[in-house]
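User: Could you take a close look at one strand and the partners beside it, and then at the nonpolar packing? I'd like the story in one go.

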Amino acid sequence: MSKNAVNREIPGSISGFDTLKPFEGAFTNTPLVRKQKGVRNLPKLNKMLDTVEQAIMKTELKDGMTISFHHHFRNGDYILNMVMDVISNLGIKNLTLASSSLTDVHSQLVRHIESGVVTKIYTSGLRGELGQFISHGKMKNPVLIHSHGGRARAIESGAIKIDVAFLGVPSSDVYGNSNGYTGKSACGSLGYAKVDAEFANKVVLITDYMVDYPNTPFSIHQDQVDYIVKVDSVGDPDGISTGATRITKNPRDLLIAQNAAEVIISSGYFEDGFSFQTGSGGASLATTKFLSEEMIEKGITASFGLGGITSQMVKLHEKGLIKKLLDTQTFDDDAIKSIGNNRYHTEISASYYANPLNKGCAVNKLNVIVLSALEIDTDFNVNVITGSDGVIRGASGGHSDTAVGSGISIIVAPLIRGRTATVVDKVQTIITPGETVDVLVTDRGIAVNPRRKDVLERLKATTLPIFTIEELKDKAQRVAGTPETIEFEDKIVALVEYRDGTIIDVIRQVKS
Amino acid sequence: MEKLRRTMLYVPGNNAGMVKDAHIYRSDSVMFDLEDSVSLSEKDSARLLIFNALKTLDYEGIETVVRINGLDTPFGVDDIKAMVRAQPDIIRIPKADSADDIKAVEVLIEKEEKLAGLKVGTIKLMAAIEGPLGVLNAYSIATASKRMIGLAIGAEDYVTNMKTKRSPGGVEILFARSQIVTAARAAGIYALDTVYSDVNNEEGFLEEVRLIKQLGFDGKSVISPRQIAPVHKIYTPSQKDIDFALRVIEVIKEANEKGSGVISLDGKMVDKPIVDRAERVIAMAKASGIQFDEEDDK
């Protein structure tokens, strides 16, 4: 027995419970609770700090830790470069960078890798100068490339332990409730960031737009957030999103899209209540348009659209052709407005979207997916990351997640891109294994994975130009020839992780 | 089955990227242009490009047409020499004003065919009529050579010569269109309408296609792959037309089997023009990719 802070006798232990801890006062064990209770003119309790530097100090970021960022601000992102510069100035070294993805604007990272601030990288993709730098073997450790679902799995399972997440948000209140569709830097869904907010040890929000408490509805919750910093700007709105995504006028993309739509219509999956996802690329987006025309004609509605949401999908939703939208990443202004206003346009986290090891992710419920490809081989393996020169210039994204989760996965690509064939004997890098890819639609013909006899039979009953993938490869090579093989060094510059955490391929250093 | 020429896609002869892919949009014909879309400094390189494209690439059964430069230019003769050897299906003669324009080209083609050891008469001809004189001479142009398979109207030069300009309804070229389609029909060859250059005006384009179909044209020259599908759609018979045509053919068959004379369907007499039209509807539907059940196809 001992007396607690309010003079009550409390036993040290009691049967059925562990050691009992006597009450020590209302504020002792909860340092964040405001202690000025009862005092008039209370300072509002908040998590605001003045500078990014203060936030880094408060999080006690140290050499060797893991930090994370999201890529919802796409090519408009200011956050990663801003934070990395401060970290570098503070002399912190040997960090692991676990971004959801990296884009062209992150070429400054080259400097931080050279100076030893960043020594390891997890990301979905690499582009531009950074991709060149990595591909030329200039980083000591290989980069680990993951899919969107794979990253969520890694973070939830503890394979990636984030010490500090620096999350740019378009709006926040003083307590950390934040969302992606309010403010001048609106980006829509914060689906990737939600995973970091939930699992990172420390969470720092950086915003340029403060709103009154509570900032509802919120995507990132106050109970996940440690510190908040307001800066002048989190990103360049022109780089964060485009205006309404327009349907391409490129006749080749339109031709591919028309073929893809007809494949879907004839595939057996086009029935009332089906679900689909199409990307934001030219042909993929146009597929949505052609598909919607047929939906109107046949009186078919989709139960949900997944993605990667564009204004095109929003329009279909508003017309009643797609009942609900599940949105992990929002691509353009109209879609950003929609996720803010529209009850059935729902934000989902990357885990909800595609984590293969949670209790059920959205890609498993997907009927039809339309995906792009840089290369596809005669085994239907798809490369979306290394270019024809062997340099990393793309992203794994949700490609392998949706391909395996969907009922039918359709790859759209021109048969010849520039001067090189898209269909090859062996792709440079496998991101998505051929056993999860069902149909290839090009501008010069369609090939069905022989594994999908049901689909092949249905498509053969149409007037669509069906070939074997070997025939398509030959067609391409007749025009484009066979390129000389790219030469690589032995050094592995990147590991490509499949969504389940196994390594599906490696990327080697290109010969200079 | 009668060859369809609903769409003839213009492809500038100096654009290698477009030349390589000209056929993938499945127009009924592709027309490589050595004439107006190629600048003077590129005439020879375009000729060489088209020569090699025709010799090397597989256009997968799509009819190939080359529009050569006129014989009144320094390029016409060389175009003919090269193209006879490259062997497109058709050479298209620009700005034809009289039968002599066709005959002059024919003489040169025949000479080159012989020199190249090719069978005389392989390459077919079509002529674009682009001026008032050509319109008035349309029938003699259409019948100037056995090689002639079609007449096309080029409206831009024509309206300028007529001291007017194009209007949305096209009243200023109604006479020329009518004259050319009539001449072509009289000669038993194809009639192709002029291009519609405002690619983004889809509604205006559709209206024009409906008009020229009604006038009796077989098809239209198109300048963008995006214009192909709409033309084919308009030229594809409606289900109603197909159903009626199938019934016409059915009653004719029955009547022939029974040996009965006067045939009627829904209380109307079925005579030869109706049967001819029905057969054309079915042929056009099949050519447009509409599939018929075995039952209907007997």
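Analyst: Two strands pair if DSSP finds at least two bridges between them, and strands (E, at least two residues) and helices (H or I, at least four) are DSSP runs, numbered from the N terminus. This is a predicted model, where local features need pLDDT of at least 70, side-chain atom pairs count only at pLDDT 80 or more, and totals for chains, interfaces and linings use all residues. Residues are numbered from 1 along each chain as its sequence is written, chains are lettered from A in the order in which they are written, and side-chain values use heavy atoms, with hydrogens and water left out.

Let's start with strand S12 of chain A, residues 202-207. S12(A) runs parallel to strand S9 (residues 164-169) of chain A, joined by six bridges, and A:Val169 sits opposite A:Thr207. Strand S13 (residues 227-230) of chain A also pairs with S12(A) in the parallel sense, over four bridges; there A:Leu205 faces A:Ile228.

Now the packing. A nonpolar core is a set of buried Ala, Val, Leu, Ile, Met, Phe, Trp, Tyr and Cys residues joined through side-chain atoms within 4.5 Å. The largest has 100 residues, and A:Ile67, A:Ile87 and A:Ile134 touch the most other members. Helix H2 (residues 79-89) of chain A gives the most, six residues. Domain 1 (48-240) and domain 2 (251-486) of chain A, with bounds from an automatic or database domain assignment, both contribute, so this core lies between them.

Definitions and conventions: Buried means under 20% relative accessible area, exposed over 50%, partly exposed in between (1.4 Å probe, protein chains only).
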